[in-house]
Amino acid sequence: MKTQQSGPLQMSCFYVGSALCGIDIRVIQEMNKQMEMTRVPGAPSYVLGIMNLRGRIVTIIDLGKKLGLGESKKTEQSRIIIVNSREENIGLLVDRIADVVTTRWEDVDPTPSNIKGIKGKYFHGVCKAGKELVAILDIDAVLGDE
Amino acid sequence: MDIQNPQGRSVFAVSRFDLEQATKGGKNLYLLEFDLIHDIEAKKKTALDVLKNLETTGAILDVKLDLEAVGDLEGGDFSNRIPLYVLFASIIEADIMPALLDLNQSAIHAVDLASAPAASAPEFAQELLETTPPTPEEDRTDDLVKELFSADTLAAAVESPAPQAGPAPAASSPAPTPPRAPEAPKPSAPSKPAPAAAASEPEPASADAAPKPGGKTFTQSETLRVHVSLLEDLMNLAGELVLSRNQLMQAISSNVLHQIQVAGQRIDLVTSELQETIMLTRMQTIGTIFNKFPRVVRDLARSLGKQIDLQLEGNEVELDKTIIEGLGDPLTHLVRNSADHGIETPEERTAKGKSPTGTILLKAYHEAGQVIVEIIDDGRGLNTAKIVEKAVAKGLITAEQARGMSEKEKANLIFLPGLSTAEKVTDVSGRGVGMDVVKSNLDQLGGQVDIETQPDKGTTIRIKLPLTLAIIPSLLVSVGEERFAVPQVNVDELLRVPAQSIGERIELVGDAEVLILRGELIPLVYLSSVLNLGDEFSSAARMVGHVLRGEPAPEKPVDINLVVVSAGQFRYGLVVDELHDSVEIVVKPLGRHFKECQGYAGATIMGDGHVALILDVAGLGRLADLSITAGLEQKSVALAKEEAAKGVREDRISLFTFRNTPTEHCAVPLDLVARVELIQAKDIEEVSGRRVIKYRGGSLPVFSLDQAANVGMLELSGELVVIVFSINGHEIGLLASPPVDAMELDVAIDAFTLRQPGISGSAIIGEHTTLIVDIYELVQTLQPDWFVERTALLPDAGGDGEVGVPNLLLVEDSEFFRNQVRRFLETDGYTVETAEDGLVAWNMLQADPDRYDLVVTDIEMPNMDGFQLAEQIRSDARFTGLPIVALTSLASEEDQARGKAVGIDAYEIKLDKDRLLQSIYDCLQRYAAA
């Protein structure tokens, strides 16, 4: 496990493809289904474009593509999760929103070396939520500039 | 405070705060005096009923049964009343209270808060202090003032030494601001006796003046000084904005379109004013950076053993804060350079005959909406030869390119990356920050830098800066559905190349497509391809490809819209699908994921809420692989092409086309047209057999073509065009029918088929046979007196010593031009003989060497061209006193130089009548005097 964090952890969970992922709820600013964006030619392929979020320019990222799970399709259930990462707002396109899961950092297990082909470095770890495993995303690693 | 009854007895004690609360919203405060016996018992009511009744119309603050007023048995003075006092607050006015309450007027006392004795009893005052906020609030404001004041003085104290902190390394620490804000409030804290409550107070209160001090999210907090009057303006505007918003809301709810429009306009007005004013708060004087230079220069001068006088001008010029901050480093570098390399040592200067003290002038001023900063020194100037040598040695340019460069271009090579002329790296300059870094720093600010130098006279570096960065005027363009903004500073011109003239305007040079714009070759960059927008967006590219390379054509022909842009050394034509409006946009930065993208300067939000990208013209140029020196290369190609084109070029003339009758196309040389006016046929008056129109406060004689030439009758009805000519100082108007047009074209003029008085010939223009009108001949038939008068006046035009009318020899191969030029030379009083080419002219000169006073010659002619003719004339001693004026449609610098070399006295453009006449006159005068 990368982090030595402890204490309670609330995660907002969502599906990227068939994988259930979670983000620490504290970095999430909002979720919306505004899908109107301007593409930016020449940008990295996982960047979908930019969006006007109440007067601010927000970069939208295809989380599926970024994690190597394949391109996300925009459907009725698609949502954009706006997160704060390093003083910047970034939108993540996900396939479907799931529940909020409450757990503790102590219950987070290290990331298995290969979870469904996702690059391991993007995760804090995994934990159990009911029957399913939730992969906890390290948002700064995902949105870091490689 | 206490409330007294009319007898002066204190009845209630209520805190002023409660009273103020109760009387908010214009309520009146009453002291009501009910008598339990007469007012209540006698009227068969209960006290409770009375109070309940009161509650429906106002608020009861306090109720008291005054038993003391009843008196006691011992005292004996038994009053027969039991007063019930009610402190009552209500919006009801005093005059209707008696009726409402069924109470005697004398029993209702209005309580005036303002005149009421405030806290007459000391214990009340004490209570007030403890429970009510107003007084402590005063305290707090007091503290706040103290706090702000001390913060201010401290800030000032920190600020003043900071710029003097000595020569900071050029590459680091953008401004001395950072330490100011976090430090300032802290030292002021101990001086403040206020409790913790007050200490937390200043944060929100001072937030507009300075961002929160020391919050841990603010790694670098900055403060900004703003003039109080500006803040007041802002307050007023904010107030107005709120008012306008209220109006708008009201208008919307009442749904009256007119009112909505009015309110909308008002908001528009207020918003733009607000925007301007807010931008003003960002403006800082350039003095803040200028003022550190006296010290910098003094230190430098001392360590270098030089005498330097630094002069500052335009300290008060204001620029946006971000620009001021970004300008510090490059400016420091440039000033150091001037001091180190520019200004010589006193000995050297004395040896050159200059004053031992060198001068560096730092100057800022406004020009055309931009701020210009100049660094002028009177030092040794740049050694351009050395710069070129270095640039060639480093392979930045080729020797060939260098030869084609002007001094100025050579000097500007210093901004190329990887070029440093300093032979040795001294302590002062050459700290790894080259001029290219200066340039790229300035580029980031949207600035342009230019250098001019003269050996031993000095160097002038001129920096052009925009006033502000946050809001920039931009041109909107689109490719397919996508819109982009191009900063207006980069836009040189807009151009539309119609589909049918692509072949003429766009050419292939090597593999590159270039636009021919007034003799210059401009590389084309397709926005769709440089951004890889995909095939569906590239109809323009396909269209050009089709015309130039024979590729398959797009579905339907498209016009090519392009923006000629320039940034730094790049200049190219950006091909887009559509050109839209010019708008003011607010620049917003792009996120960190786009830092690899070169083509964008940011993004902006359009009026409709969509996001548009702002293009970075220099970045796009790099993306399109236009190398920096490509521009230079292009220029030499352009010159070569022009050279090649010379042999085949026809005479280009500018024609003004119009119609006589709707089917009869006519044209006159554009240079002869003074003005064009649109009139109504009914405006034409007929006075003593002549037609005139009222024109600029006088009468303008007008005529139609059919009056003088054998052409169709012009019907005098509806809208007409008057083409005004100025002939020998007289103005005359030619009536014609619209549409009119002006065009420059190569035409072959047929001077025979349709020749008649007033018509010098015909040409095919755009599929129509067009009559070329000879305006001189026309006017001569209509107003012969103008010409008689003129020739009589001008026989001495040739100069003082000459006898008779100067005799000119006009050499010109095109009959059209020959006739045109001859005519206006003749109307100006000269006698003119003509020759078709140089050989004929030379033979004429040989036959009678003294016959001619001046030769006017075309350059491009068969058999013997103008250069050869001039050479022949100059090589013959008999013609030393014969001036030669060349007439040409090409007046490139190279041609002029060649002309000068072979002895041509003056170069004039064909049909630029006034200049030609002036030039002939000057030449004659000069030769007569010699």
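This talk goes through a predicted model with chains A and B, starting with chain A, then the contact between the chains, then some places in chain B.

Chain A has two helices and 10 strands. Along the sequence they come in the pattern β-β-β-β-β-α-β-β-β-β-β-α. Chain A has 146 residues, and 52% of them count as buried. Its accessible surface is about 7100 Å², and carbon and sulfur atoms hold 47% of that. If we take the contacts in chain A with a separation of 6 or more, 56% are between residues 24 or more positions apart.

Now a sheet in chain A. Five strands form an open sheet in the order E3-E6-E7-E5-E4, and the pairing is mixed. Which strands stand at the edges? They are E3, residues 28–32, and E4, residues 47–53, of chain A; each has a single partner strand, so one side of each has no neighbour in the sheet. From one strand to the next, the twist averages 30 degrees.

If you want a place to look, find Met31(A), which stands opposite Ile81(A) in E6(A).

Next, the contact between the chains. Chain A puts 27 residues into it and chain B puts in 22. In general, the size of an interface is often given as the accessible area lost when the parts come together. Here the area buried between chain A and chain B is about 1900 Å², with 56% from carbon and sulfur atoms. Which residues of chain A lose the most area to chain B? They are Arg39(A), Pro41(A) and Ile57(A), which together make up 31% of what that side buries.

On to chain B, and strand E14, residues 471–479. Eight of the nine residues in E14(B) are buried, so the strand is mostly covered. E14(B) pairs antiparallel with strand E22 of chain B, residues 578–586, over seven bridges. One of the pairs there is Ile472(B) with Ile585(B). E14(B) also pairs antiparallel with strand E15 of chain B, residues 482–487, over six bridges. In that pairing, Val479(B) has Glu482(B) as its bridge partner. E14(B) and E15(B) form a hairpin with two residues between the strands, and Gly480(B) there takes a positive phi near 60 degrees.

That brings us to backbone angles. In general, most residues other than glycine have a negative phi. Asn255(B) is not a glycine, yet its phi is positive, at about 60 degrees. Where is Asn255(B)? Asn255(B) sits in the loop between helix H11, 228–254, and helix H12, 257–281, of chain B. Asn255(B) is exposed, because its relative accessible area of 63% is over the 50% cut-off.

Asp456(B) is another non-glycine residue with a positive phi, about 65 degrees. Asp456(B) lies in the loop between strand E12, 448–454, and strand E13, 458–466, of chain B. With a relative accessible area of 39%, Asp456(B) is partly exposed.

Last, the cysteines. Are Cys666(B) and Cys923(B) buried or exposed? Cys666(B) is buried, at 0% relative accessibility, and Cys923(B) is buried as well, at 2%.

Conventions: Residues are numbered from 1 along each chain as its sequence is written. Chains are lettered from A and ligands numbered from 1 in the order in which they are written. This is a predicted model: local features need pLDDT of at least 70, side-chain atom pairs count only at pLDDT 80 or more; totals for chains, interfaces and linings use all residues. Side-chain values use heavy atoms; hydrogens and water are left out. Two strands pair if DSSP finds at least two bridges between them. Helices (H or I, at least four residues) and strands (E, at least two) are DSSP runs, numbered from the N terminus. Axes are lines fitted to C-alpha atoms, for helices over the stretch in contact, and angles run from 0 to 180 degrees between N-to-C directions. Buried means under 20% relative accessible area, exposed over 50%, partly exposed in between (1.4 Å probe, protein chains only). Contact means heavy atoms within 4.5 Å. Accessible areas come from the Shrake-Rupley method with a 1.4 Å probe; for residues, only the protein chains shown count as cover. Buried area is the accessible area (1.4 Å probe) that two parts lose on being put together, summed over both.
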